[in-house]
Amino acid sequence: MRRLAFAILVSCAGTLALAQTAAQPSYEPQVGQEGKDVVWVPTPQSLVDKMLDMAKVTPADFLMDLGSGDGRTVITAAKRGVRAMGIEYNPDMVELSKRNAEKEGVAGRATFVKADLFETDFSKATVITMFLLPDINLKLRPKILNLKPGTRIVSNTFTMGEWKADETGNADNGCESSWCTALLWIVPAKVAGSYQTPQGEVTLKQQFQMLSGTLRSEGKTFALQGKVRGEVISFSAGGKSYQGKLKGKQLELQSFSGRGLRG
């Protein structure tokens, strides 16, 4: 009888625990809820699509989403065949994102980790997406500028201070909130310096992706203006356009008649 009573007691306790677990509501994030550095506001799906389109993501990319929230950007990228990782400080959001990825069938390509943005290594990313406040963007900017040239950075709405975006676009449809603008930056190579080239002596001054300086050729000095997009350098000087890139410490250029080369 004692054994039977104990078995009944254990069975009842287990049933009660299962009932309590089932009764607990699943985690539902609230728009505007406080986070470590920002409040949570989801990026409209149409803008997620626009951001990924502007970054020209492909299955060859590795995308990192900073402050990944409910995981929608990572999951959308994963549906395009991209390996993607979400960095999120809120552990409930991390678990929610993992469940969402499972439901969408992309858990093999979409991963989520609880981590601090300022302590995370971004160096393996070829694309970074984010919806952070301007002051957070500015704090992350030095780290981003040290990434491999050509890394694409896409932000929902918020800027990088005086580092102007290479491209700006709006969500095509289905975006009726204030958060409908995407900004794209291409991490520029560090190219400032003086170089001897077959076209003359080139001196480059660099402010983020924008270039100024001089080209000295055949005893004449011409002011130059241009841009560096990833590793590709382009500028105009003395009525000609030039394009090239650094090979080690050597600047290799091609010259073209007229103006109009785009960086």
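What percentage of the contacts in the protein chain with a separation of 6 or more is accounted for by residues 24 or more positions apart? In this predicted model, such residues account for 52% of those contacts. The protein chain contains five helices and 14 strands, and buried residues make up 43% of its 263 residues. The chain exposes about 14400 Å², of which 53% is supplied by carbon and sulfur atoms.

Helix 2, which spans residues 45-55, is mostly covered, with eight of its eleven residues buried. These buried residues are Ser 46, Leu 47, Val 48, Lys 50, Met 51, Leu 52, Met 54 and Ala 55, and they pack against helix 3 as well as against strand 1 (62-66), strand 4 (127-130), strand 5 (152-156), strand 6 (167-170) and strand 7 (181-186). Helix 2 is followed by Lys 56, whose phi is positive, near 55 degrees.

Two packed helices are described by the angle between their axes and the distance between the axes. The axes of helix 2 and helix 3 (residues 72-79) come within 10 Å and cross at roughly 55 degrees, and helix 2 is therefore oblique to helix 3. The crossing in which helix 2 passes helix 3 is right-handed. On the side of helix 2, the contact is made by Gln 45, Val 48, Asp 49 and Leu 52, and on the side of helix 3 by Arg 72, Thr 73, Thr 76 and Ala 77. Classified by residue type, this contact comprises three nonpolar, three polar and two charged residues.

Definitions and conventions. Residues numbered from 1 in each chain as written. Predicted model: local features only at pLDDT ≥ 70, side-chain atom pairs only at ≥ 80, totals over all residues. Heavy atoms only, no water. Axes fitted to C-alpha atoms, helices over the stretch in contact; angles between N-to-C directions. Helix = DSSP H or I, 4+ residues; strand = E, 2+ residues; numbered from the N terminus. Parallel < 35°, antiparallel > 145°, perpendicular 65-115°, else oblique. Left-handed = near helix turned anticlockwise from the far one by under 90°. Contact = heavy atoms within 4.5 Å. Nonpolar A, V, L, I, M, F, W, Y, C, P; charged D, E, K, R; others polar. Buried < 20%, exposed > 50% of the residue type's maximum accessible area, 1.4 Å probe, protein only. Areas by Shrake-Rupley, 256 points an atom, 1.4 Å probe, with all protein chains shown as cover.
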